Amino acid sequence: MDQQKLVDAQFGVAAMDYLQSPTHARGADLQRLRALADGQRDWRVLDLGCGAGHASFALAGEVMEVTAYDLSAEMLLVVAAEAQRRKLANVRTQQGVAEMLPFADACFDLVVTRFSAHHWADVPRALKEVRRVLQPEGRLVVIDVIAPETPLLDTLLQSIEVLRDASHVRDYRRSEWEDMLVRAGFVVSDHQAWKLPLRFESWIARMRTPELRVAAIRSLCAHAATEVRDYFAIQPNNDCAIDAAWIEAVFPVRLTRTVGGPETTTF
């Protein structure tokens with residue numbers, strides 16, 4: 001099964017669980033998204049890898065239109081139904097992959113991706129597509145789990161993630177995100193990180209992790225080095241805390257001046 005089909009299979013059956021998940025439905029990052037869009041009634045927003053639509057719902061009351069975009073048709077059905085229930089007429093849904101966006105150039109003022117990019121098969125390619133569909137001076141906000149820079153900690157996190165969810169690709173380090181964004185033509189304008197508490201039982205139940213894989217996760221946590229257990233605050237019941245971050249970047253307008261002539265704008 002290829003990566004796209006794997007992601008679709010993993011998340012389609014869990015769509016309603018993600019709508020109701022406190023980890024996804026709440027958070028200061030959603031409040032910050034609302035504040036970012038406050039007063040921007042003419043903005044068109046792309047929620048890239050929208051999942052159950054929580055970022056879309058947070059932004060819909062502030063902007064002209066939100067496009068909730070996801071690989072999973074089942075997720076999009078949940079988003080559409082919930083938007084209708086909340087009377088958010090400016091939320092529309094569209095299915096597709098992050099690496100190939102079916103939108104015109106420079107058609108969005110803001111692109112947001114929340115807890116999705118660690119499933120993308122090709123993040124650099126997706127970022128180039130994001131740059132293409134953003135207006136000059138448009139913003140990209142990435143909200144996702146972030147891997148520690150220390151290899152020991154990084155390895156444990158990735159191992160647990162892929163055991164829990166076979167469609168997991170990678171939680172990228174902050175340094176990796178910044179490098180990918182710069183290479184795609186963005187300028188990183190803000191970064192904030194926080195600890196994201198995870199309740200182990202609901203975390204594995206939401207993804208319907210097979211028991212054999214759950215046992216492997218428990219074994220990894222039980223035998224992890226002390227510094228790993230301390231960093232992730234791993235409890236006897238395997239509740240823990242991982243790193244999440246808000247990374248904000250802009251697609252800048254660059255001005256060049258022809259000698260003896262007017263300024264010309266390049267991108």
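How many salt bridges does the structure hold? The structure holds 17, a salt bridge being a side-chain nitrogen of Lys or Arg within 4 Å of a carboxyl oxygen of Asp or Glu.

1. Basis. This is a predicted model, in which local features need pLDDT of at least 70 and side-chain atom pairs count only at pLDDT 80 or more, while totals for chains, interfaces and linings use all residues. Residues are numbered from 1 along each chain as its sequence is written, and side-chain values use heavy atoms, with hydrogens and water left out.

2. Glu248 and Arg32. These side chains form a salt bridge at 4.0 Å, N to O. Glu248 belongs to strand S7 and Arg32 to helix H4 (residues 28-37), 216 residues apart. Helices (H or I, at least four residues) and strands (E, at least two) are DSSP runs, numbered from the N terminus. Glu248 is buried at 7% relative accessible area, and Arg32 is partly exposed at 23%; buried means under 20%, exposed over 50%, and partly exposed in between (1.4 Å probe, protein chains only). Salt bridges with shared partners join Arg32, Arg139, Asp190 and Glu248 into one network.

3. Asp154 and Arg173. The salt bridge between these side chains is 2.7 Å, N to O. Asp154 lies in helix H8 and Arg173 in the loop between H8 and helix H9 (174-183), so the pair ties together parts that are 19 residues apart in sequence. Asp154 counts as buried because its relative accessible area is 3%.

4. Arg44 and Glu65. Their side chains meet in a salt bridge at 3.4 Å, N to O. The pair links strand S1 (residues 44-48), which holds Arg44, with strand S2 (residues 65-70), which holds Glu65. Arg44 is partly exposed at 35% relative accessibility, as is Glu65 at 23%.

5. Glu99. This residue sits in the loop between strand S3 (91-95) and strand S4 (108-114). Glu99 is buried yet has no salt bridge; Arg125, the nearest side chain of opposite charge, is 6.4 Å away. Lys and Arg count as positive and Asp and Glu as negative, with His and the chain ends not counted. The Glu99 side chain does reach the backbone nitrogen of Ala121 at 3.1 Å and that of Asp122 at 3.0 Å.

6. His54. Helix H5 (residues 54-60) contains His54, which counts as buried because its relative accessibility is 8%. His54 and Leu30 are 24 residues apart in sequence, and their C-alpha atoms are 7.8 Å apart in space.

Conventions. A polar contact is a pair of N or O atoms within 3.5 Å; within protein, one must be able to donate a hydrogen and the other to accept it, and residues adjacent in sequence count only if both atoms are side-chain atoms.
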